[in-house]
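Biologist: Please take me through this chain by its packing, its backbone and its charged pairs. I would like each answer to end on a value or a name.

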Amino acid sequence: MVTYNVGYFIGSLSSESINRTLSEALIKVAPKDLHFTEIRIDDLPLYNRDLDANYPDEAVAMKEAIAASDAVLFVTPEYNRSIPGALMNAIDWASRPYGENSFDHVPVAVIGASPGGIGTAVAQQGLRGILSFCNARQMTAPEAYIQFNPEAYGEGGQVKDPELEKILTEFMREFRDHIERVLTVLPRR
């Protein structure tokens with residue numbers, strides 16, 4: 001059995017992020033042949049093109065983490081009808097310098113949670129446009145816009161709501177199949 005290494009970004013920097021809770025639930029229900037590693041973005045300086053010739057260690061480490069991943073999962077909230085600035089900053093670092101775009105041909109999926117019904121939908125649509133420009137191979141369906149309810153989650157990623165568990169399980173199964181399809185045509189190694 002092949003194991004796929006999935007790096008994942010959490011768009012929020014908050015230690016109490018509902019998207020961190022969602023990421024734990026996604027990992028819990030994911031197929032067993034997916035191995036997950038968070039790609040941290042909280043210590044990145046603001047992107048500055050002047051540093052393209054001498055990337056900071058934090059940005060190099062992030063690019064190396066993406067390179068070590070077979071696929072990338074984005075779990076993001078919506079901030080002001082877009083993606084959080086910290087996530088955009090990470091994408092800027094990862095996609096530069098010119099010709100060294102870390103997302104080129106990488107299988108990716110996008111999901112998120114918000115307190116309201118549509119918040120993450122707006123952020124996800126914006127993120128999809130950015131990832132298209134970065135030439136990432138996006139899973140286009142199913143889409144999942146999770147309205148966060150804290151009572152639906154337990155400790156350690158447990159999902160207590162059967163309908164939510166079904167949605168997240170199907171999303172992760174589809175992501176696993178997407179990874180396999182993309183890597184069959186465009187191997188990463």
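The questions below go through the cores, a helix pair, backbone features and salt bridges.

Biologist: Which element gives the most residues to the largest nonpolar core?

Modeller: This is a predicted model. Its largest nonpolar core has 31 residues, and L73, I111, L168 and M172 have the most contacts inside it. Elements that each supply at least two residues of this core include β1 (4-10), α1 (18-29), β4 (107-114) and α5 (162-185). The element that gives the most, with seven residues, is α5.

Biologist: Beyond four places in sequence, which residues does L168 contact?

Modeller: L168 is among the residues with the most contacts inside the largest core. With neighbours within four places left aside, its contacts are L22, A25, L26, V29, I111, I146 and V159.

Biologist: How many residues are in the second core?

Modeller: The second core is separate. F9, I41, I83 and L87 are included in it, and its count is 25 residues.

Biologist: Are helices α2 and α3 roughly parallel or roughly perpendicular?

Modeller: Helix α2 covers residues 57-67 and helix α3 covers residues 85-94; their axes are 9 Å apart. The packing angle is about 80°. Angles of 65 to 115 degrees count as roughly perpendicular, so the relation of α2 to α3 is roughly perpendicular.

Biologist: By class, what residues make up the contact of α2 with α3?

Modeller: On the α2 side the residues are A59, M62, K63 and I66, and they meet A90, W93 and A94 in α3. Sorted by class, the contact has no polar residues, one charged and six nonpolar.

Biologist: Which residues does K28 touch, other than those up to four places away in sequence?

Modeller: K28 is found in helix α1. K28 and N80 are 52 residues apart in sequence, and their C-alpha atoms are 30 Å apart in space. Not counting residues up to four places away, K28 touches G156 and G157.

Biologist: What is omega for the cis peptide bond that joins R96 and P97?

Modeller: P97 is placed in the loop between α3 and β4. The bond joining R96 to P97 is cis, and its omega is about -15°.

Biologist: What is omega for the peptide bond from A141 to P142?

Modeller: The loop between β5 (137-138) and β6 (145-147) holds P142. The bond from A141 to P142 is cis, with omega near 0°.

Biologist: Is N80 buried or exposed?

Modeller: N80 is in the loop between β3 and α3. Its phi is positive, about 55°, although N80 is not a glycine. Exposed means over 50% relative accessible area. The relative accessibility of N80 is 76%, so N80 counts as exposed.

Biologist: What is the relative accessibility of H105?

Modeller: H105 lies in the loop between α3 and β4. H105 is not a glycine, yet its phi is positive, about 65°. H105 counts as partly exposed because its relative accessibility is 28%.

Biologist: How far apart are the closest N and O atoms of D33 and R176?

Modeller: Side chains of opposite charge can pair when their charged atoms come close. D33 is in the loop between α1 and β2 and R176 is in helix α5, 143 residues apart, which makes this a link between distant parts of the chain. Both D33 and R176 are buried. The closest N and O atoms in their salt bridge are apart by 2.7 Å.

Biologist: What is the N to O distance in the salt bridge of E180 and R176?

Modeller: E180 and R176 both lie in helix α5, four residues apart, or about one turn of the helix. E180 counts as partly exposed because its relative accessibility is 34%, whereas R176 is buried at 14%. The N to O distance of this salt bridge is 2.9 Å.

Biologist: What is the relative accessible area of D177?

Modeller: D177 also meets R176 in a salt bridge, with N to O at 3.8 Å. Partly exposed covers values between the buried limit of 20% and the exposed limit of 50%. D177 is partly exposed because its relative accessible area is 30%.

Biologist: Which residues are linked in a network of salt bridges?

Modeller: Over the whole structure, a search finds eight salt bridges. The residues linked in a network are R20, E38, R40 and D42.

Terms used
Residues are numbered from 1 along each chain as its sequence is written. This is a predicted model: local features need pLDDT of at least 70, side-chain atom pairs count only at pLDDT 80 or more; totals for chains, interfaces and linings use all residues. Side-chain values use heavy atoms; hydrogens and water are left out. A nonpolar core is a set of buried Ala, Val, Leu, Ile, Met, Phe, Trp, Tyr and Cys residues joined through side-chain atoms within 4.5 Å. Buried means under 20% relative accessible area, exposed over 50%, partly exposed in between (1.4 Å probe, protein chains only). Contact means heavy atoms within 4.5 Å. Axes are lines fitted to C-alpha atoms, for helices over the stretch in contact, and angles run from 0 to 180 degrees between N-to-C directions. Angles under 35 degrees count as roughly parallel, over 145 as roughly antiparallel, 65 to 115 as roughly perpendicular and the rest as oblique. Ala, Val, Leu, Ile, Met, Phe, Trp, Tyr, Cys and Pro count as nonpolar, Asp, Glu, Lys and Arg as charged, and the others, Gly among them, as polar. A salt bridge is a side-chain nitrogen of Lys or Arg within 4 Å of a carboxyl oxygen of Asp or Glu.
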